[in-house]
Amino acid sequence: MDKNFQEEFKPVIKFEPPLYKQRHQFVKDLVEKYKPKKVADLGCADCSLLWMLKFCSCIEVLAGLDICANVMKEKMHTLSPLPVDYLQPSERSLTVTLHHGSVAHKDPCMLGFDLVTCIELIEHLEESELKKFPEVVFGFMAPSIVVISTPNSEFNPLFPRVMLYRHPDHKFEWSQAQFQSWALETARCYGYSVEFTGVGHPPTGMEKVGFCTQIGVFFRKSPQTGESVQSEKPTEAVYKTVFKAVYPSLKDGKYLQNAVISEVIFTAQIIKHRLMSKREESGDDPERKSKFQHSVDSFSDCLGKLVVEKHMEPFVSGNEVYIPLSTIFSFPKVNRLCGTFEKLCKLIAGKVTLSSDGSAVMFNIEHENEEN
Ligand code: SAH
């Protein structure tokens, strides 16, 4: 038969979105559902899953492990904080670390994780490594959830070019029954339950072959506290840390103070600007003044959806404008950043010019008047 003709009529399976993206999205959905704080990706390769996960706001610790340092290093810079992260520090803390090592070895840096992901990893393990893998991941690391994905060999006949395995580095590819029996036995041994699913649907009429990528989601049956795990498992460090990034966070006092000072000055400036323009509009006419007072009130209401309802009003005295701290504190963003009025006072002490009794932010408008 003509070769071109043959090629043309071979079924072509193309996934949209591509299968690797579907696998990563599966993990992201799981993170959004269970909200783990600490996530480790084993066999993280070029860190693309880690990069996607750094945007999940529940995660505070992200770690990657791979036996190939070079593949990790290729794109590890994408895990570093960006200038915008420093300009607007996040409320959560985030540390990202990459380790060079093997899943066949235990290292204490892998303790205390809530979720461990092993995406297309196990089929790359030598027989001896695969034997040690369950004890390292389920016995030693013992996270609440483990996700393992691996190719489903029953799907392979649908790929025209796959001869034995989908990738030259694969040491094996399992059928659904083989994966499920390994997963069920591992779960039984280490006190986990397992649910099977997958990504990459088979074509209509061929549902029996199952998903192209088979996935097992393991849930630890008994609760375990992070501290007891670490103290009971003394082990020597064997992995080499090749990357570490600590993201700026408002949990860090220095970033919180900067954010509060900027927000207080910004809020006070807006109130002052509004106050001055209303004063100019109203002149000395008492009727107009009362209208002005009303508009300052409604301005505050609509701008800030104030948290504290009753507060002192801003006022002008001579060349000084006073914006009460209680007014500033009633603005939601300042309120959320500081939590308490006392904390607000403490954080801006010595950093913002205040009235002599410390109750208001003070601006001198002498030079502003000259400019006008
Ligand atoms: N998880 C990635 C890619 C998986 S490819 C993704 O979702 O796209 C398999 C990766 O496992 C490779 O980067 C390989 O270097 C790594 N690997 C193979 N054997 C390993 C071992 N024993 N320990 C840790 N990583 C290993």
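Figure 1. Helix α6 (residues 127-141) lies across β1, β4 (115-119), β5 (145-151), β6 and β7 (213-220), and its direction makes an angle of about 160° with that of β5. Helices (H or I, at least four residues) and strands (E, at least two) are DSSP runs, numbered from the N terminus. Axes are lines fitted to C-alpha atoms, for helices over the stretch in contact, and angles run from 0 to 180 degrees between N-to-C directions. Contact means heavy atoms within 4.5 Å. This is a predicted model, in which local features need pLDDT of at least 70 and side-chain atom pairs count only at pLDDT 80 or more, while totals for chains, interfaces and linings use all residues. Residues are numbered from 1 along each chain as its sequence is written, and side-chain values use heavy atoms, with hydrogens and water left out.

**Figure 2. The open sheet of 8 strands has mixed pairing.** The strand order is β6-β7-β5-β4-β1-β2-β3-β8. At the edges are β6 (192-199) and β8 (240-246), each of which pairs on one side only. From one strand to the next, the twist averages 15°. Within this sheet, β1 (residues 38-42) and β2 (residues 61-66) run parallel and are joined by 5 bridges; L42 has L65 of β2 as its bridge partner. Two strands are taken to pair if DSSP finds at least two bridges between them.

Figure 3. Strands β9 and β10 (residues 320-324) are joined by 3 bridges, and S317 stands opposite E320 in β10. K272 lies over the face of F363, at 5.0 Å from the ring centre. A charge sits over a ring if NZ of Lys or CZ of Arg is within 6 Å of the ring centre and within 35 degrees of the ring normal.

**Figure 4. Six aromatic residues form one cluster.** The members are F133, F172, W174, F179, W182 and F196. A search of the whole structure finds 15 aromatic pairs. One of these joins W174 and W182, with 5.5 Å centre to centre and 45° between the planes, a tilted arrangement. Rings of Phe, Tyr and Trp (its six-membered ring) pair if their centres lie within 6.5 Å; planes under 30 degrees apart count as stacked, over 60 as edge-to-face and the rest as tilted. Both W174 and W182 are buried. Buried means under 20% relative accessible area, exposed over 50%, and partly exposed in between (1.4 Å probe, protein chains only).

**Figure 5. H24 and T186 are buried helix residues.** H24 belongs to helix α2 (residues 19-34) and counts as buried because its relative accessibility is 12%. Apart from neighbours within four places in sequence, H24 is in contact with S48, L49, M52 and I119. The C-alpha atoms of H24 and L53 are separated by 8.9 Å, although the two residues are 29 apart along the chain. T186 is located in helix α7 (residues 176-190) and, at 6% relative accessibility, counts as buried. With neighbours within four places in sequence set aside, T186 is in contact with P134 and F138. Between the C-alpha atoms of T186 and E135, which are 51 residues apart along the chain, the separation is 9.0 Å.

Figure 6. Most residues other than glycine have a negative phi, and most peptide bonds are trans. The peptide bond from E16 to P17 is cis, with omega near -5°; P17 lies in the loop between α1 (3-9) and α2. C47, which is not a glycine, has a positive phi of about 70°. C47 is found in the loop between β1 and α3 (48-53) and is buried, with a relative accessible area of 0%. In the loop between α6 and β5 lies A142, whose phi is also positive, near 45°. A142 is buried, with a relative accessible area of 7%.
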